[in-house]
Each structure stands twice: as C-alpha cells, then as structure tokens.
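Here is a short report on one structure. It covers strand pairing, pockets and nonpolar cores.

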Amino acid sequence: MPSSVAPDVPRAEYPRPQMVRPDWLNLNGPWQFEIDAGDTGLERGLRERDLAGTITVPFAPESELSGIGNTDFMPTVWYRRTVTIPAEWAGRRTLLHFGAVDHDATVWVNGVEVVRHRGGFSPFTADLSGVARPGEEATIVVRARDSRHGPQARGKQSTRYHNYECLYTRTTGIWQTVWLEPVPDVHLRRPRITPDVAGSAFTVVAPLSANRPGNSVRVTVSDPDGVVVASTVRADIDLSPTVRLELPAGRVRLWEPGDGFLYDVKIELLDAAGAVIDAVDSYAGLRSVSIDGKRLLINGKPVFQRLVLDQGYYPDGLMTAPSDEALLRDIELSLAAGFNGARLHQKVFEERFLYHADRLGYLVWGEFGDWGSHAEGEHKHTASFVTQWLEVLERDVSHPSIIGWCPLNETGQVIHDHLTHLDDVTRGMFLATKLADPTRPVIDASGYSHRVPETDVYDSHNYEQEPEAFAEQLSGLSKDQPYVNDIEGRPISVPYRGQPYFVSEYGGIWWNPELAGTEQAADRSTSWGYGQRVRTEEEFHERFAGLTGVLLDDPDMFGYCYTQLTDVFQEENGIYRFDRSTKLDVSRVRAAQTREAAYERTASEG
C-alpha cells in the first residue's frame with residue numbers, strides 16, 4: 001500500500017485484495033456534490049462548474065457517513081474532484097477504478113467522457129491515457145442516475161419514500177472506493193485462479209492487455225515456509241496464458257470450513273530479457289465443491305451448512321460498511337452464534353468482505369441483487385441484469401470462500417403452457433454462470449420459481465413458525481417430494497429431480513425486546529418480522545431450537561439459512577441488533593445449531 005494514504009481518508013484499505021499492486025491512490029474523502037432533481041445538469045452546465053455541496057466518498061448521499069443524509073429520491077446526482085496524478089507514474093497508463101456506483105454512471109475527466117456503466121453492484125474502470133498524464137491535474141466528474149421507476153437491479157432498496165417490510169433506504173451514486181492505479185502499456189488483467197483438489201494443483205489464467213514477442217508469465221505459489229512451486233509460460237502467443245502449478249505432496253494443505261488456509265500467489269509479466277514488466281500479488285485456497293446425489297460435498301466431505309442470511313446494511317453507512325473492521329466483525333459475530341457461512345443476500349458485497357471470509361474459512365453463497373425486475377405485474381429483467389452479473393462473476397470467481405452462486409431470488413411466477421420472459425432470463429443467467437464458472441453449483445433461482453430442470457441445487461423458503469407444522473411440511477424430502485414454494489396452490493417451479501436440497505430461508509423470528517408487552521409489539525408499520533411475534537426471549541430460543549432442530553435432524557438436508565444476522569431498520573428478526581449490539585443470549589443460539597446434524601452423522605456412519 002502507498003504511504004501517501006492520509007490517516008483521515010475513509011475506507012483507506014486496498015480495495016482489491018486478490019490483485020494487489022504497490023502503487024495506487026485512494027480517492028475517497030471530500031468531493032463536490034450536487035443533486036440534480038430534473039436530470040438537467042448537463043444542459044445547465046454542471047459538468048463544467050463547481051458543485052454546490054460536499055460529500056464524503058465512498059458513502060452514498062442517503063447515509064449519515066456521507067455528510068448529506070438525504071433519504072428522499074435523488075434521480076440524478078453529480079460528483080466533482082480534482083486530483084494530481086503522481087509524477088512518478090510517468091511512462092505508465094493511469095486507470096481510474098470505481099468499486100460500485102448506483103446505478104447508471106457517466107464519467108468525464110478533464111471534460112472528456114471516459115466511461116459509461118450501468119449497474120449498481122459491479123466495478124468498472126476508465127483508462128485515462130490521452131486525457132490526463134502523470135504530473136498533471138485530472139478533474140473527475142461523475143453523473144449517476146438512479147430512477148425509482150422501471151425494471152432495475154436494486155436489491156432491497158425501497159421504491160417508496162419510506163422503508164417498509166423488508167425493503168430499506170436507498171443507495172444512490174458512489175458507494176464503494178474510488179481509486180487510481182498506474183499500469184504499464186502491456187499489463188496483467190484480473191487473474192482467474194482455479195483450485196484442483198484432485199490433482200493437488202492450481203490453474204492460473206492470466207489475461208493480458210496485449211502480447212509482445214518474447215514476453216512470458218511467471219507464477220509463484222508460496223506458503224509460510226517459502227516458495228512451494230513456480231512455473232513460467234510464454235505470453236507472446238495466447239491472450240490469456242495459462243499456468244498449471246502442481247503442489248508437492250508435503251506442501252498440500254486444503255482450505256477448509258473454519259480453517260481458511262491460503263497460499264500466496266505472485267503473478268509476473270516478464271519481457272524477453274526476463275525483466276519484470278508488471279506484477280500483482282494474489283492468494284488462493286485449495287478447495288473443491290462436488291455433488292453426489294443429494295449430497296453437496298466440500299473437499300469430498302459432507303459439511304452441513306449452517307448459514308445465516310446477511311444483507312450487509314449498516315445504520316450509518318447503509319450498503320457501505322463504515323470500516324474494514326466492520327466487515328470482519330460481521331463474520332466474527334456470525335461465527336460466534338454458531339453459523340459457518342452466509343447467503344450474501346440481495347447485494348453484491350464489497351470484495352474486502354470476501355477477503356475476510358477467505359481468511360476465516362467462512363462459507364459464502366454469492367448472490368445478485370436482482371430485486372427490482374418486477375414491473376407492471378410481471379418480471380421484466382433487462383440485459384443489464386445479465387451483463388452486471390457477469391462482471392460480478394469475473395470479480396469474484398477466484399475467492400475460495402464462495403461455494404455456490406445464486407443469480408436470482410424469489411422470482412415468483414406461475415408455470416403454464418407458454419415460455420415467458422422469466423423462463424428465458426432464468427435459463428440465460430444459469431447458463432452464463434455455469435459458463436463463467438463450471439467449478440461451483442448454481443441455484444437457478446433461490447426459493448421460488450425454479451425454471452431450469454437441471455439446476456444443480458433445489459431449495460425453498462419456508463417461514464412457518466411452529467416447529468411441528470414445519471417438520472410436517474418438510475417431511476417429504478426422503479421420498480423425493482420436498483417442500484416447494486407455490487402461489488396460492490399453483491405451481492411456480494419445475495419438478496424436483498433429486499438434487500441437493502436445503503431451506504435457504506427460514507425462521508425470521510420477529511423479536512424486539514423493547515416492545516415486549518407494549519401495544520406497539522404487533523404494529524408491523526414500525527417493527528416487522530415473519531409470522532407471530534414471540535412474547536419473550538425464552539419463547540424465541542424455544543422456537544429457534546425447534547425450527548433449527550427439524551433441519552438438523554433431516555439426513556437428506558445439506559444445510560439451511562436462517563433469516564437473519566442482524567435487524568435491518570424496521571425488520572427486527574436478527575440475531576443481533578442493527579447496530580450489532582447484543583439482542584439475545586448468543587450462546588443459546590450457538591448451542592441450538594452446533595450439535596451434530598443427521599447429514600453429518602449419516603456420512604460418518606457410511
């Protein structure tokens with residue numbers, strides 16, 4: 001990291017931990033800012049003049065940490081900042097990176113449009129070559145459009161003025177780190193590192209910006225004892241050179257749940273004389289995911305997945321964590337409660353979260369924030385749903401903590417005799433995911449409309465609150481007749497075909513101890529949860545243990561996902577409060593779910 005990062009810069013840590021270069025410049029902090037309610041800013045000269053206010057990037061203007069705190073609709077917002085590109089970057093290209101901007105972004109530098117990007121969850125980059133050189137000033141202007149109308153991947157962002165039920169305060173504009181980075185003319189692009197547990201090896205694909213005669217790529221894998229293996233391949237003939245690195249028998253160590261062992265990986269681009277042109281530091285975990293009937297295996301072993309739904313919202317930062325430590329703490333809180341992983345729900349999390357999950361051996365299902373496709377009574381996904389999801393897959397495919405993908409969530413629509421837009425989109429996103437990453441299982445759509453017969457995993461969402469009724473509803477899995485979501489008794493999914501199955505949302509037990517015994521206890525306009533609200537903490541623990549026990553005792557169930565890790569605004573069904581403070585006896589939550597699962601016991605007996 002550069003020593004020039006000032007101590008008062010928010011979110012000052014390096015934002016891309018799987019592709020680290022030593023030289024970079026963090027652009028978080030004060031930017032000029034202005035709301036453009038009529039989206040007329042271009043005509044009114046906002047691109048050329050100073051803006052009226054100030055905002056703290058990378059926090060969205062709806063958040064307290066931004067210094068704005070405006071929770072009304074902002075259809076268009078503008079940002080402006082002038083920065084001097086370091087003179088010592090001379091001879092290299094300068095790249096301008098955005099971690100995420102919600103939703104439609106246009107970026108100008110020194111009056112020149114350098115990039116447009118649609119989608120609020122994925123990163124994008126502008127090459128400033130010919131626009132701003134090292135040693136010169138670069139005036140960066142960003143316009144972000146974020147409409148409340150029409151189909152758009154929003155995740156849990158409310159399209160009403162107020163929050164309600166399980167929809168929350170919006171995020172507009174820049175909400176992840178903005179930064180500059182110098183690269184040589186011919187440079188490495190984001191590598192893809194694929195573990196091969198059966199072969200005790202890694203395959204590293206190193207995309208290049210271009211090829212030059214005599215160039216080569218060298219990859220070195222190390223552990224705490226030093227270099228494990230290194231290999232060099234030509235880089236003058238293939239646009240994405242591929243390196244296979246087989247680990248010596250005595251240096252093989254798996255990445256396991258609860259034990260996130262990581263190898264260091266250095267990737268270097270060399271010229272014909274062997275001099276280093278470009279280099280990045282990365283890391284990798286040796287981990288496999290496979291399917292055997294109804295069993296979903298990690299490193300060839302059945303691991304019962306005790307997952308929690310994590311929506312990644314914060315009282316002061318909304319979708320942006322206030323600090324890197326806050327990202328880590330959420331994982332630690334989950335582990336303390338007895339969970340071994342999470343569904344990262346309706347949001348593409350910051351890459352730093354995945355870095356911490358990788359280090360801690362924390363299981364993650366990667367999901368897209370696809371809510372927002374429903375318009376005028378039907379699903380109307382646009383092409384940007386697919387393009388943005390592919391950008392997410394490119395960013396995250398090498399993280400060992402991710403053990404499955406979920407591009408869509410709760411896309412309820414009745415099955416009938418004609419193929420629909422939803423059928424095409426669901427199959428398209430499923431196939432795109434499988435093509436981008438054939439090493440992990442894919443759920444075509446979580447919970448509701450399974451439209452792809454060959455989906456790798458089948459699941460359901462079930463918020464029944466009575467354990468006996470819950471057990472009865474789920475009792476058919478052993479006979480290949482699992483619980484399946486429907487709409488008023490009408491089918492919304494293709495039939496189950498014996499895939500690995502889990503209940504990927506359950507519980508959501510509604511509990512606010514401050515409201516216990518008050519008239520407001522059942523007022524869903526101020527406090528919201530699933531089913532009948534429990535009256536006491538003891539009742540919570542009894543219900544949690546009962547519902548969870550049903551799933552732990554089913555030998556055909558490979559896991560579950562409890563709703564949810566923390567309260568989020570009015571949705572008060574978390575294990576912890578929204579501010580992450582203690583709400584329940586966490587030791588009892590842990591005890592209820594960390595006993596051996598039937599799925600694990602059956603495996604050990606077999």
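In strand 4, valine 77 is the bridge partner of isoleucine 35. The model is predicted.

**Strand pairing**

Strand 2 (residues 29-35) and strand 4 (residues 76-84) run antiparallel and share 4 bridges. Strand 4 also pairs with strand 10 (residues 137-145). That pairing is antiparallel too, with 9 bridges. Within it, arginine 80 stands opposite valine 141 of strand 10.

Tyrosine 263 has alanine 284, in strand 19, as its bridge partner.

| Strand pair | Sense | Bridges |
|---|---|---|
| Strand 2 and strand 4 | antiparallel | 4 bridges |
| Strand 4 and strand 10 | antiparallel | 9 bridges |

**Pockets**

The largest pocket holds about 750 Å³ of space. Its lining has 30 residues. Arg16, His97, Pro123, Thr125 and Arg190 lie nearest the centre. Strand 5 (93-98), strand 8 (112-118), strand 9 (124-127) and strand 12 (178-183) are among the elements that give two or more residues, and so are helix 2 (351-360) and helix 3 (383-396). By class, the lining has 13 charged, 10 nonpolar and 7 polar residues.

The second largest pocket holds about 240 Å³. Which residues line the second largest pocket? They are Asp370, Trp371, Gly372, Ser373, His374, His379, Asn409, Glu410, Thr411 and Tyr448. Of these, 6 are polar, 2 are nonpolar and 2 are charged.

**Nonpolar cores**

The largest nonpolar core has 97 residues. Which of them touch the most other members? Tyr506, Phe540 and Ile575 do. Helix 6 (residues 537-552) supplies the largest share of this core, 6 residues.

Phenylalanine 540 has contacts beyond its neighbours within four places in sequence. The partners are Ile509, Trp511, Val534, Tyr562, Ile575, Leu584 and Val589. Ile575, one of these partners, is also among the core residues that touch the most other members.

Note on methods
Residues numbered from 1 in each chain as written. Predicted model: local features only at pLDDT ≥ 70, side-chain atom pairs only at ≥ 80, totals over all residues. Heavy atoms only, no water. Core = buried A, V, L, I, M, F, W, Y, C linked by side-chain atoms within 4.5 Å. Buried < 20%, exposed > 50% of the residue type's maximum accessible area, 1.4 Å probe, protein only. Contact = heavy atoms within 4.5 Å. 1 Å grid on protein atoms, 1.4 Å probe; cavity = no way out; pocket = protein on both sides within 12 Å on 5 of 7 lines; lining within 4 Å. Points joined across faces, edges and corners; volume = space filled by probe spheres on them. Nonpolar A, V, L, I, M, F, W, Y, C, P; charged D, E, K, R; others polar. Pairing = 2+ DSSP bridges.
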